[in-house]
Amino acid sequence: MKKKTRFSQLPYHLMLLPGVVFVLLFNTSTWLGIALAFQDFIPSRGWFGSPWVGFENFELFFSLPDSFAILRNTVVIAAGKITAGTLVSILFALLLNELKGRRLKKCIQTAVYLPHFISWVIFATIMRSMLGTDGLINQILRLSGAQESVMFLGTPSLFPIVMIATETLKEFGFGAIVYLSAITAIDPALYEAAAIDGAGRWKQAIHVTLPGLRTIIVLMATLSLGSVLDAGFDQIFNMYNALVYSTGDIIDTYVYRVGLVSFNYGLGSAVGLFKSVIGITLMAIAYWLASKFADYRIF
């Protein structure tokens, strides 16, 4: 047996080094910015010269008339994305599992995975072209007899639905990977027994496949609880406009507009810190639920 030396694990530590540097630069070093949430930050004075205002920035945010709408929009859009994404991913995994042709299955998998690797800048441009007043969707509607074009990205009541639908369209294929993997782990003898009892493919999916996916479904649903306040800045920033602020403005876009565009760094940092604290709390609850109902352990 090869004797371990002090430097025997050095290659593995070197492999970790890029990730550690990334975390230190973009996650750990930014903790100093938390101080801005409790200051009337003046860039020329810096962190140490700006006056401290305590919780005034938090009080200002919750006193604004738009604060409730921003929180509501964030939760509604994020929860809708989680729900729709989970259901469509499960349904796609079930349907794909029923295909017999291996080559056809791989082609379909590749086609639906590809949108995940496209940036929202590109994908949002495609969606805006399709959903515009002269886009493909409105052209189809006019051919079907519609008299007026639908402003999908300019109607407040439709905008959250469009955000949920486009996010699901982009990510459901990639999200189905974990469910397809779980399906392959189901004992084939269960399908054989069900077939002997007279169950067709539909009943096998209902009574064998879905119960076999129950644990992973519960696990993924509980872990997604931590992202309830993450409604997707990249997507909404590239697709929203002033007409839909009432239903489309979320915490991340509000922080961007207030903190970077309006230069109110203290208020923007306070809102961002509030989101982070709630997110950490929800994540802790999610991991507790996952360990309790899905026997999931971090360590």
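Residues are numbered from 1 along each chain as its sequence is written. In this predicted model, local features need pLDDT of at least 70 and side-chain atom pairs count only at pLDDT 80 or more, while totals for chains, interfaces and linings use all residues; side-chain values use heavy atoms, without hydrogens and water.

Entry, surface. I looked up the nonpolar surface patch formed by Leu 10, Leu 14, Leu 17, Val 21, Phe 22, Val 23, Leu 25 and Phe 26, with about 750 Å² of accessible area together. Accessible areas come from the Shrake-Rupley method with a 1.4 Å probe. Val 21 sits in helix 1 (residues 10–28), where helices are DSSP runs of H or I, at least four residues, numbered from the N terminus. Val 21 is partly exposed at 37% relative accessible area; buried means under 20%, exposed over 50%, and partly exposed in between.

Entry, largest core. A nonpolar core joins buried Ala, Val, Leu, Ile, Met, Phe, Trp, Tyr and Cys residues through side-chain atoms within 4.5 Å. I found 22 residues in the largest one, with Phe 92, Ala 93, Ile 183, Leu 213 and Ile 216 touching the most other members. Helix 4 gives the most, five residues. Beyond four places in sequence, Ala 93 contacts (heavy atoms within 4.5 Å) Ala 176, Tyr 179, Leu 180 and Ile 183.

Entry, Thr 74. I placed Thr 74 in helix 4, and Thr 74 is buried at 0% relative accessibility. Leaving aside neighbours within four places in sequence, Thr 74 contacts Val 228, Leu 229, Ala 231, Ile 250 and Ile 251.

Conventions:
Patch = residues over 30% accessible without salt bridge, like charges linked within 9 Å, V, L, I, M, F, W, Y side chains within 5 Å. Salt bridge = Lys/Arg side-chain N within 4 Å of Asp/Glu carboxyl O. Helix = DSSP H or I, 4+ residues; strand = E, 2+ residues; numbered from the N terminus. Buried < 20%, exposed > 50% of the residue type's maximum accessible area, 1.4 Å probe, protein only.
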